[in-house]
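I set out below what I looked up in this entry. The sequence and the structure come before the notes.

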Amino acid sequence: MRMRKRKTTALLLTGAMLLSLAGCNSRTEEAVPGSAGQTTGQEESLTAAGTHEAAESEAVTLKILMPGDRPKNMDAVIEEAEKRMADEGLNIHLNLVFSPWSDVKQKIELILTSGEEIDLVWDNTSSGMATHISKGYFTELTDLLNEYGPSIISTRGEKMFEANRYSDGIYAIPLGSNYKQGIHYNIRKDLREAMGMEPITNRQQLLDYAYKIKEKYPELIPITTAGASEPGNNWTTLALKDTDILASDLGEVTLYFKEDGSVYNFFDTKDPQIWALIEEARKLYEDGIMDPDVLAQQNYSNLIWEGKAAICTSNDFIPDASSQAKLKGINPEAEVESVILTDLTPGKQLADFKQWNFICLSNTSKHKEEAIRFLEWANGNQENYDLLAYGIEGTDWKAVGKDKYEVLGDGYRWFPYAWIWNPECDRIAATATENEYAAEKFYRDANNFKESKLVGFAFDSTPVTTSVSLHKAAFTEYACALYNGVIDPETAFENWKKADYNNVKTIQEEMQRQVDEFLKDK
């Protein structure tokens, strides 16, 4: 069954790519006679028939759960989107329900467990998406995508979909522009220049900068990073994303993968790469370089934008333009730049192509076809994507060149990650430096990475639910402090191992069993 489904999906993806051709096309782009973009009479008839059918149907309102705060100009964007859809025969209205980041996990759980009628739900692994899929809350999408969503697939590609399967099906549309999560360090460029330092190109220079900050600017926190609120993005785990270690489906590296398909247990291996970063974090904490309140920080990334910190760990590559504006409002001379230490040699980095944001179709939806038609409308056309991703052109943003954009004002924050993000349509911030732009383009091409044997593997934690729950509690108690240098490494490691080893071993054995089965069938 598993092999048959995989082959069927592969055919679906190939067919979808052929159907939607280049993916993000322009609404105003003229077809060149005799080219692939030319519309045939048959296609015109089909389009007209579909438009007529949609126009005759009753209006449908899609209810969509979104994370974060509602942008100020959201109503204008929805109004424009609904107008465009109506012009194209899609009688669809949008009801967006926003939940603050601090509450969104609980909101998702409440909606799904109560059986509330909703159409599309943003979800991710940290919010329990795998469990939501295993409990049957989301619809399997293969047939719907095959019929109504070719551009949804073609703009992401076969590798991205294959890597983000669950329970041998497509239950979640992956949202992302990169085939591996990038990392960088936001630093205060103005302070680097004031201290007479050249641009930073290696880790030792980054640490030297931090120590100089402590000496020259004692009022600042030299380094801030994720604490207990984001266990996968602490000082140690984040740096490991630039190594050959891949975090397991637990989202952190107590259990991890390498190239050989084995599940490694940090308690058994005490891996030198991981341990070296732990020792580095401890020295930074003891020397007063690491934020002394790192475990308590709920919004650690805000500290650098509030002018309180000099280095902040970050995913992706480009400092946020609206945050830069916020910082300049506090200090007009201040500026943040990214330090990218990633090796961009093709074939050097191991990747499993997993994404971190997803849009899912609820089983309670009474408008499943319309929901996919809406996402197809958004993903299959550059202007439509731009509208939902960046807002009203000329008001919220403007195009710069072929693939860049500039933010205008603060009315509509960067938004594609919550419902439409894909590597074909997504633009790059015009503020990107040459290095940042190069890194972004590199990460948007799956061929630049060494493909993990475990692409497409998804761990079903149902057989070890109790062990996973106990491990998460122990991880929060010990690992977050250990990985950020807050406690003595040797003592913390032994105490954590004593409390958590049996849980992790149980999970490892079950995960390895599933990996072996996956590789046997692949």
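Which residues are buried in α16? I noted that A371, I372, F374, L375, E376, W377, A378 and N379 are buried there. I took buried as under 20% relative accessible area, exposed as over 50% and partly exposed as in between, with a 1.4 Å probe and protein chains only.

Basis of the entries. I worked from a predicted model, in which local features need pLDDT of at least 70, side-chain atom pairs count only at pLDDT 80 or more, and totals for chains, interfaces and linings use all residues. Residues are numbered from 1 along each chain as its sequence is written, and side-chain values use heavy atoms, with hydrogens and water left out.

Confidence. I read pLDDT as the predictor's confidence in each residue, from 0 to 100. The protein averages a pLDDT of 88, and 89% of the residues score at least 70. Over residues 15-22 the pLDDT is below 50, and this stretch has 13 contacts in the model beyond near neighbours in sequence. Residues 27-55 also have pLDDT under 50, with 20 contacts beyond four places in sequence. A contact means heavy atoms within 4.5 Å.

Whole protein. I found 20 helices and 17 strands; these are DSSP runs numbered from the N terminus, helices being H or I of at least four residues and strands E of at least two. Of the 522 residues in the protein, 52% are buried. Among contacts with a separation of 6 or more, 76% join residues 24 or more positions apart.

Helix α16. I checked the length of α16, residues 368-379. Its 12 residues should span 16 Å at 1.5 Å a residue, and the end C-alpha atoms are 17 Å apart, which agrees. The expected span is 1.5 Å times one less than the number of residues.

T139. I located T139 in the loop between α5 (129-134) and α6 (142-148). T139 counts as buried because its relative accessibility is 10%. Leaving aside residues up to four places away in sequence, T139 touches L144, I170, Y171, L361, S362, N363 and K368.

Strand β11. I looked at both faces of β11, residues 336-339. V336 and S338 on one side, and E337 and V339 on the other, are all buried. Strand β5 (residues 183-188) runs antiparallel to β11 and is joined to it by four bridges; two strands pair if DSSP finds at least two bridges between them. I recorded V336 in β11 as the bridge partner of R188.
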